[in-house]
Each structure stands twice: as C-alpha cells, then as structure tokens.
Amino acid sequence: MAQRGENNDYIPKNQSMTEGNDDQGFWGLTVMAAAERNFTAPEEGPDWLALTQAVYNTMLQRWDTDHCGGGLRWQIFTWNSGYNYKNTISQACLFQIAGRLARFTGNSTYVDTAHQIYDWLHDIGFIETSNGIARVYDGANVEGSCTNIVKIEWSYNIGILLGGAAYLYNATEDSYWLDVTSELLQGSKGFARDNIIYERACQDAKSCNNDQRFFKGVFARCLGLTTLLVPELYQDAREILESSANAAAQSCSGGTDGHTCGLNWETGKWDEMYGLGEQVSALETFSSLVVPLRDAPFTFNDSGVAEGDADAGLNSGRVDLMHPEVNIQSKDRAGAAIITAILLGMLVVGTVWMVW
C-alpha cells in the first residue's frame, strides 16, 4: 500500500491542466481503472482509489443547482469558452465514476449520486427514452434553463453512461439499473450499421475532428465492460464488438507500415484516414473482445487493493470563480501607473515614427 503523505488534500497533481469537468472526469476514470486492476501504488502520496475519490468529490462540489436545477458546467473556470454550457459528457463521467466507486467500495452514497445525475439528465431532456430505447443528446446553454438542447448524438456520450449503468447493476443487482443498461444498449445500436460501429454525426460527412475520431474507442470500451458486468446483455453487446473488430481489422491495412487503421470500417479496406483516434478506436475494439475472458475489476473484497480516502479532495478549500478575492495595495497601484505610463509613451513614439 502507498504510504500517506503529509498533504491530506489529495488533489491530483495535474488538476491545473484539466480545465473542463469532462477532462477531469476522464482522468478520474483512468486512475480508477488503475485501482480496479491493482496497479502498483505510487511510492508517495495517495493511492489510485484516493485519487479517484478526490476527482469525484471535487466534481460533485461543482454540481450547480442555481442554473437548470443541477448539472455540471462543461468548463470549470468562468473565463473558459463553454463555461455557460452544460453537456452530457461531464455528467456521464461523474456518473460512471460514481458507479465504479459504488462497486469498488460498497458505499451506497455513490449509488445515490448516480441516481441524482441520471435523474437530472432525464428530467432536463438530455436523455429521452421511448419503447425501451434511450437517446442521448449533447447538452445546452444555461441561458433559458437548458431548454434549447443541442440534439447531436455522439457515441461516447451514450457509451460512458452505458458503462456506468453496467457497473451500477453489477454492484447493486437492482433491476432498475438493468433496465437503464438495457435502454442505453438498445440506443447504442444507433451507432452501428450492420453491427459495425460508426460515428454517425460526422463520419459520413468526413467532418470528424481529432476528438471525435477517438469517440468510437470510448464507446467500444464501454461495450466491453457491459459484456463483462451484465451477463444478461452479453450477446447483444458482443455481436456489435465482433462485427466491428472484423471490419476494423480490414481497415487497419494502410499507410507505409501496412497496418495503419482508418476511420470508416465499413469499406472493407483502409480509407486513407489516419491518426491517434483511429488507432486507439480499433485497438479498444479488439481489446474489448477479450474483456470477458479476464477477471472482473477488483473491489475492496480482493486482497491487496487500494485503501482510498472517502474525504479526498474535500479539505482543499473552494475557489469562488465568479468573485475571486483580489487584495490591491498602494504599491500595486503605483506599479500599474508606471507600467501604464511606459506603454502610453511607447504608443506615442510609435505613432510619431509611423507618421514621420
């Protein structure tokens, strides 16, 4: 086990680099995977579970009931573009983190959080369910109480929610979560033509940006988790993965190395698209076929796993992003006046020189 450091705040070292709730959420899912696979703990400081709990706690502290009745904003800081947008992926990441922590620790508080998030997504209209099929939309601006919903559908949005629901059902054996997982899986089939995964919002138009070319990989990983955690839905999810893996293998035949993977897996060959997103998406799809052959993710019931800290991140203090404290002293005003005078002088000299 990792030895506890003197700093009990457990704030991830690279938190300053993650300016969006989705960024922090994906980081939390990554370190949670390390806990679930019992990776060697860091030599100093918190273990993998405590780091995940720090992400969970700091994200949950930003749950905003003043706008749209709840939900996380896309961006953490007021000065970032997208701060006024509440998107599904930020909620989905926290939802899956809660589900994974619930399964790992057995603490029902995490289940309560998952219910809160999923209910809000449904109530606000980011998730619509009809005839046992869920549709998941991108998000909305807080202006107008999130009523003007951007109804673009991305595979990773529904995928992350699917994976979270699978964890929750495996943890609780509650039929409610089995129904949710089933609805999300049925909705996921909208991202598979002839059971081959595709990114329907951009792939056919060849307009996928670098992020969107990665989404299929996230989606495939969550399908694989579903086959492992929800035996009742194994066959449905497995069929998509098998067809997609066979198609992706044919796509991974291009480039100078002869095994560069493409974006469109339906062509039976390389489509001359390449990049990190294409490679990762294909690899995740191949890897997801072997997920059911390995042990389930560890929990507290297994020996040697991380100990964690349920209060991680709660002692760090909170920053008021709307009204930061600024202590301006006389010397600060004098310095600002001097700098302003210098800049004005440079502007005048530059103007005279240009006219001359």
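In which helix does Gly159 lie? Gly159 lies in helix α5, and this report returns to that residue below.

## Model and conventions

This is a predicted model, in which local features need pLDDT of at least 70 and side-chain atom pairs count only at pLDDT 80 or more, while totals for chains, interfaces and linings use all residues. Residues are numbered from 1 along each chain as its sequence is written, and side-chain values use heavy atoms, with hydrogens and water left out.

## Overall composition

The protein has ten helices and seven strands; helices (H or I, at least four residues) and strands (E, at least two) are DSSP runs, numbered from the N terminus. Of its 356 residues, 47% count as buried, where buried means under 20% relative accessible area, exposed means over 50%, and partly exposed lies in between (1.4 Å probe, protein chains only). Contact is defined by heavy atoms within 4.5 Å. Among contacts between residues at least 6 apart in sequence, 66% join residues at least 24 apart.

## The nonpolar core

The largest nonpolar core has 84 residues. Such a core is a set of buried Ala, Val, Leu, Ile, Met, Phe, Trp, Tyr and Cys residues joined through side-chain atoms within 4.5 Å. Those with the most contacts inside it are Phe95, Tyr118, Leu161, Trp177, Leu184 and Leu223. In soluble globular proteins, nonpolar side chains tend to be buried together.

Ile160 belongs to helix α5, residues 155–172, and counts as buried at 2% relative accessibility. Leaving out residues up to four places away in sequence, Ile160 touches Phe26, Leu29, Ile89, Ala92, Cys93, Gln96, Val218 and Cys222.

Apart from neighbours within four places in sequence, Gly159 is in contact with Phe219 and Cys222. Gly159 and Val136 are 23 residues apart in sequence, and their C-alpha atoms are 9.7 Å apart in space.

## Packing of α1 with α3

Two packed helices are described by the angle between their axes and the distance between the axes. Axes are lines fitted to C-alpha atoms, for helices over the stretch in contact, and angles run from 0 to 180 degrees between N-to-C directions. Helix α1 (residues 21–36) and helix α3 (residues 88–105) pack at an angle of about 20 degrees, with axes 8 Å apart. That angle makes α1 roughly parallel to α3; angles under 35 degrees count as roughly parallel, over 145 as roughly antiparallel, 65 to 115 as roughly perpendicular and the rest as oblique.

α1 passes α3 in a left-handed crossing, a term used if the near helix is turned anticlockwise from the far one by less than a right angle, with clockwise giving right-handed. On α1, the contact includes Phe26, Leu29 and Met32, and on α3 the residues include Ile89, Cys93 and Ile97. The contact residues divide into ten nonpolar, five polar and three charged. Here Ala, Val, Leu, Ile, Met, Phe, Trp, Tyr, Cys and Pro count as nonpolar, Asp, Glu, Lys and Arg as charged, and the others, Gly among them, as polar.

Helix α4 (residues 108–124) and helix α6 (residues 175–188) pack at about 45 degrees, with their axes 13 Å apart, which makes α4 oblique to α6. The crossing of α4 past α6 is left-handed. Val111, Ala114, His115, Tyr118 and Asp119 of α4 meet Tyr176, Trp177, Val180 and Leu184 of α6. By class, this contact has seven nonpolar, one polar and one charged residues.

α7 and helix α8 (residues 234–251) pack at about 145 degrees, with their axes 8 Å apart, and α7 passes α8 in a left-handed crossing. Ala220, Leu223, Gly224 and Thr227 of α7 make the contact with Tyr234, Ala237, Arg238, Ile240 and Leu241 of α8. These residues comprise six nonpolar, two polar and one charged.

## Positive phi values in loops

Asp194 lies in the loop between β6 (192–193) and β7 (196–197). Its phi is near 55 degrees, a positive value in a residue other than glycine, and Asp194 is exposed, with a relative accessible area of 73%.

Lys206 lies in the loop between β7 and α7 (215–229). Although not a glycine, Lys206 has a positive phi of about 55 degrees; it is exposed, with a relative accessible area of 71%.
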